[in-house]
Amino acid sequence: MNSTNATVFVVDDDSAMRNSLKWLIETVGMKVETFASAEEFIKSYYPGRAGCLLLDVRMPGMSGLELQEYFVRQNILIPVIIITGHGDVPMSVRAMKAGAVDFIEKPFNDELLLESIRNAMTLDQDQRSLQAERAEIAARLAQLTPREHEVMEMVTNGKANKEIASALGVSAKTVEAHRARVMEKMEATSLAGLVKMVIAANLYGDH
Amino acid sequence: MPLPLKRPQKLSLLRRIPMPLMSVMIGLFCGLVVWALLDQVQPQALRSIFNEELETRLDQQARETLIRFDNYVLAHTSTARLLANHRQLANYLEPVYWFKGDTDGPKQYRSTPPWLPGSTLWQSLVRPSHILLLDNEGRIREIYQLGERPLPDELAGATELLLSEQRVQANLTTLGDRPYLLISETAEDATGTEMGFLMLVAPIDAQFLAASQQGVSPNGVLVGILEADEQRFLASSDQFRLPAQRLLSAAESDFLVTAQSFSEYEGSTLNLQFATLVPRSVVEAMRDRVAGLERRQRLVAAFTFVSVFTLIFFLLSERLNKILQRVSRFSQRALGSKQPVIERGNQLFVLEDWIHQFIQLVRDTREEMRQQHETEMHESEMLKQAIMETALDSIITIDRRGVIIEYNPTAEQTFGHSREEALGRVFAELIFNGESRLRFSLLLADVLSSRDRHPDEMRHELTAVKRDGAVFPVELAIKPIRLKNRLAFTIYMHDISNRRRIELEIRSLAKFASESPSPILRVNRRGVILYANGASDQLLSYWGCERAQTLPLYWRNRVTDILGSGEDWQTQVICATQVYSLLLTPVVDLGYVNIYGRDITAEREAERQAREHQQELIHVSRLSTMGEMATGLAHELNQPLSAIANYANGSVRRLQASDRGAEDILYALGQITAQADRAGEIIKRLRALVGKQTPVRRVADINEVVREVCSFVEFAARKAGVVIEQEFSLGTLPVRIDVVQIEQVLLNLIRNALDALLEIPEDERSLVIQTSCREGKWVLIRVLDSGAGIRDADMGRLFEPFYTTKESGMGMGLVISRTIIEDHNGTITAEQRAEGGTCFSILLPSNNRNSDE
């Protein structure tokens, strides 16, 4: 857990609530930043920042759910923990559907809250590394020539070299050469590794 | 009636002249006019015809004279041919030989030369001046001279001329300014040798011309030879009347000249023309003769015309006389005219006058009769119209078949059909239905069968139908009208539905008072009960009197007062279990007082119940308000409690970690206390609102009350994004109120305002609460919002129960509010703000005075 960079963002319109949360969370040595409204948060937050979001559902102006929807629209992946004063079921369902990682009802058990924050942080970390991996694979894929790309697709689909050669109208040797270059460029040590990369990059899904 | 004999004066002279005389005069006049007209027209026409004719005749004469001249010339030519071919010349020339070089002059003969036959043979035909013999060279060898005229020099010397002329048979030329006819013919000797020519020379002089005309010269017509280039005459048949060398223009004064060219005499280089001259005197004489003839004919025509005209008119006047005699007799006998029609004068005018007068007389009489008739008709029509229009009954006339032929305005009103619609329809079908129709036809038959009946017996009641289908009773009487050639019925109808209704009403009215469940009584001015209905028993027992007895003293005095003032008086009495409201109404002119009682026991009970119910409602409403607010309060409470928990947990963790100073913990503990207080405060407020409390009035500062209420709604306001602006008066505003109730009212108004504000954009939302003092006696609380306001239609019904514009409202809030405020002797009003939104104003009596005392 990289707790040096990760921050817990608290968005609540009640200052007592904000400050008490900050007080509580800081006891486990996490960085806490508080915001009085969703708008204020949006202003100061940039997507790259690691951490998780503690969000009050009911706020004047932009509500917690609206902020969540905004994140989904903007394709910002930050784990959100929803805090509610009266855990009404429809609202919590909405929040969870919108991708909230947890849902905590006031007044809450501190252990529960802190556990939830920790989980959210881990999730954030994972998401971030996955994203980094994907970016790496995408960069490698970009190096491939169209023909190499074609060959890679067929290889990862489980085609034998001969099949590929007859499908592309080239010799098996040429296919082998392409394949070797693909493996090299993609920095794959085995065919299984290449297939994993392709799946990780969600290559076919993107098509 | 004697004929009015009036005559136009200007014609009087004409009228006196008898007709035959007049016809003669007119005939003469017309004859003269015809004469004059013909005199103007005919001569001109005749002249033009005459001139045309003259021209033709002149032309013809000219041609004739020319033909004669030609014939005469032809005679010369023939003679020349005869002489040239005569045996004697041939014999004579046989031995002759003309030597070319001879210089001797030609041989001259005075008597008949040997080469010519005897003069008797040819001299009767022609009279040439010379006959010449020429050789082939054109030289004259021998000359025979007839008469004394010398041979013209041109012939004697100029052989060229002769040579040029020799081949020409006949030639007209001028020699020495005289016209000559030269005819040459080849001369041969007996052996057939051509020796030369024989030439006949004839001067064209008066003799020649006269001879050419062979003495035929009618009316002194002359012929002449005209030199066309110089327009002068070279010769004429009469030397004296037309001397040679006279110019054509000079000759034209005496003669009509027709000139013709000699086309057949070839070779002539001169422009000679043959002129025929007719003396003008001859033409004039001829013209005069024609004119005279024509005038004679005209005279005859005019005379004939006059005679025939006069005769016809005379016969006509005779006939007219006879007619006039008959007219006169007719006039005297038939028209009673004293004056005989026949007078001296023109019969035609007399007759015309008489006809005029007769026509006028007929016209006058006819007009008079027409007017008389019209007046009568008009009067009768007017009378009928007036009756029809003003009749209160519907009057409908039908013919034998039952078809409506007359329909008056009352009928239009009664049955609803317009006159135009009704006319031509069958009465029974239009007005009646079913049974009534049958009854009506029976009635009609009945009326016909029985002639004389009392009018009342002929009245019947039937049911009629209006145009819109409404059925109503009518009274009906049928009167048959026997016209000359047809039968009609006049039907008088009367709508008796009103009468029926009134009858019924009177009957029902009689029962009215006795049926009434409320007491109705009538007393006279002395207080004696004249009438009391069945429902009055309890009142009577209250007063302790019976019907026909007098009222107690107090009530007797009231009766006297009421009759004196003439005004109603209202009071209430409570007798036994019932409460009555009494209305005493004077009937001043009859000296009665009517007493109308009304049992209001139930009403009173209902009122009481309503009041109780309203108290209940206030409570219910408060509870519902609280219920709605409980959610908000729960959240509110959650906030401090969560904060407390956070701080407490945080503190515990920090203490466990022991890496923080006591300062942090102290801060957190302070916060814990504050938040716990906050939660306690909220619960306190909640408790103050919940729970039914009996109204307790106490003096309170309205500012404090408003502030308290604002803190209740703080959450709701924040939720709505509204900050409540509190504009309080500086001093305290003491009022004696039930604080909870007034809080309830304010809460209600603020909640309404917040609801209204939710419907407009957030940045426009504004809610202001003002408190102020009014005239020292009143405290004014105003709740102003910037919402959409209240529609005018809603404004009037604002304080009506269950009237709401909200989807989830009960419509009780403002009703309860008003009840509360009015319980406090105050008023609550709503008004539209000029800048938009609504303003609720509450006026409560100030408690200042009390505190001052």
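This is a predicted model: local features need pLDDT of at least 70, side-chain atom pairs count only at pLDDT 80 or more; totals for chains, interfaces and linings use all residues.
Local features are given only where pLDDT is at least 70 and side-chain atom pairs count only at pLDDT 80 or more, while totals for chains, interfaces and linings use all residues. Residues are numbered from 1 along each chain as its sequence is written, and chains are lettered from A and ligands numbered from 1 in the order in which they are written.

**Overall make-up**

- Chain A has 10 helices and 5 strands, and chain B has 25 helices and 27 strands, where helices (H or I, at least four residues) and strands (E, at least two) are DSSP runs numbered from the N terminus.
- Of the 207 residues in chain A, 30% are buried, and of the 853 residues of chain B the buried part is 27%; a residue is buried if 20 or more other C-beta atoms lie within 10 Å of its own, exposed if 12 or fewer, and partly exposed in between, with C-beta atoms placed from the backbone.
- Among contacts between residues at least 6 apart in sequence, 62% in chain A join residues at least 24 apart, and the corresponding value in chain B is 59%; two residues are in contact if their C-beta atoms, placed from the backbone, lie within 7 Å.

**Where chain B touches chain A**

- The contact between the chains involves 22 residues of chain B and 16 residues of chain A.
- On the side of chain B that touches chain A, helices H18 (601–657), H19 (662–689) and H21 (714–719) of chain B each supply at least two residues, and H18(B) gives the largest share, with 16 residues.
- By class, this side of chain B has 8 nonpolar, 10 polar and 4 charged residues, with Ala, Val, Leu, Ile, Met, Phe, Trp, Tyr, Cys and Pro counted as nonpolar, Asp, Glu, Lys and Arg as charged, and the others, Gly among them, as polar.

**Nonpolar cores**

- The largest nonpolar core has 58 residues, of which Leu181(B), Leu198(B), Met199(B) and Leu277(B) touch the most other members; such a core is a set of buried Ala, Val, Leu, Ile, Met, Phe, Trp, Tyr and Cys residues joined through C-beta atoms within 7 Å.
- Helix H2 (residues 19–84) of chain B provides the largest share of this core, 8 residues.
- Leaving aside neighbours within four places in sequence, Met199(B) is in contact with Leu132(B), Leu134(B), Leu182(B), Ile183(B) and Ser184(B).
- A second, separate core of 40 residues includes Leu54(A), Val57(A), Ile81(A) and Met121(A).

**Strand S1 of chain A and its partners**

- Strand S1 (residues 7–11) of chain A is largely enclosed by the rest of the structure, because 4 of its 5 residues are buried.
- S1(A) runs parallel to strand S3 (residues 51–56) of chain A, to which 5 bridges join it, and the bridge partner of Thr7(A) in S3(A) is Gly51(A); two strands pair if DSSP finds at least two bridges between them.
- S1(A) also pairs in the parallel sense with strand S2 (residues 31–35) of chain A over 5 bridges, and there Val10(A) stands opposite Thr34(A).
- From S1(A) the chain crosses through helix H1 (residues 15–26) of chain A to S2(A) in a right-handed β-α-β crossover, a term that applies if, with the strands pointing away from the viewer, the path from the first strand over the helix to the second runs clockwise.

**Local features of chain B**

- Helix H17 (residues 553–565) of chain B has 13 residues and reaches 18 Å from its first C-alpha to its last, close to the expected 18 Å, the expected span being 1.5 Å times one less than the number of residues; just after H17(B), Gly566(B) takes a positive phi of about 75°.
- Glu775(B), a residue other than glycine, has a positive phi near 55° and is placed in the loop between strand S24 (767–774) and strand S25 (778–785) of chain B, where Glu775(B) is exposed, with 7 other C-beta atoms within 10 Å.
- Asn825(B), although not a glycine, has a positive phi of about 60°; Asn825(B) lies in the loop between helix H24 (813–823) and strand S26 (827–832) of chain B and counts as exposed, with 10 C-beta neighbours inside 10 Å.
- Ala190(B), in the loop between strand S5 (178–188) and strand S6 (194–203) of chain B, is partly exposed, with 13 other C-beta atoms within 10 Å.
- Ala190(B) and Arg87(B) are 103 residues apart in sequence and 7.4 Å apart in space, C-alpha to C-alpha, and, not counting residues up to four places away in sequence, Ala190(B) touches Ala90(B), Asn91(B) and Glu94(B).
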